[in-house]
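Reader: Could you walk me through some ring and contact features, step by step? I would like to see how to read each one.

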Amino acid sequence: HELMFAAWIPGRTTDGVVEARMDVTLPAMKVRKAWVIDIFNGTEQELNISSRGDTVIKGLLIKDYPVFLRLER
């Protein structure tokens with residue numbers, strides 16, 4: 001089955017896009033595939049993940065507006 005959640009950089013937004021690369025760990029969650037979806041331009045990209053007990057998404061680009069992560073378990 002699939003899950004979806006949103007991630008963003010907290011704080012005040014600006015006229016330009018603020019973004020940061022970070023690792024995301026989903027504790028005790030086994031995920032087979034993951035995608036990131038940009039809500040402004042609609043692009044969807046499959047992510048490289050490591051799933052051994054915890055699922056780790058390395059170097060995810062998080063922005064100052066929500067991006068959605070779609071997970072297939």
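Predicted model: local features only at pLDDT ≥ 70, side-chain atom pairs only at ≥ 80, totals over all residues.

Reader: How many aromatic pairs does the structure hold?

Author: There is 1 aromatic pair. F40 and Y65 form it, with ring centres 4.1 Å apart and 40° between the planes. Planes under 30 degrees apart count as stacked and over 60 as edge-to-face, the rest being tilted, so this pair is tilted.

Reader: Which parts of the chain does the pair link?

Author: Distant ones: F40 sits in the loop between β3 (33–38) and β4 (44–46), while Y65 belongs to the loop between β6 (54–63) and β7 (67–72). The two residues are 25 residues apart.

Reader: Which residue lies over the face of W35?

Author: That is R70, at 4.0 Å from the ring centre.

Reader: Let us finish with G59. Where is G59 found, and which residues does G59 touch beyond four places away in sequence?

Author: G59 is in strand β6, and counts as partly exposed because its relative accessibility is 28%. Leaving out residues up to four places away in sequence, G59 touches R21, M22 and D23. For D23, the C-alpha to C-alpha distance to G59 is 5.1 Å, although 36 residues separate them in sequence.

Methods. Residues numbered from 1 in each chain as written. Heavy atoms only, no water. Phe/Tyr/Trp six-rings, centres within 6.5 Å; stacked < 30°, edge-to-face > 60°. Helix = DSSP H or I, 4+ residues; strand = E, 2+ residues; numbered from the N terminus. Lys NZ or Arg CZ within 6 Å of the ring centre and 35° of its normal. Buried < 20%, exposed > 50% of the residue type's maximum accessible area, 1.4 Å probe, protein only. Contact = heavy atoms within 4.5 Å.
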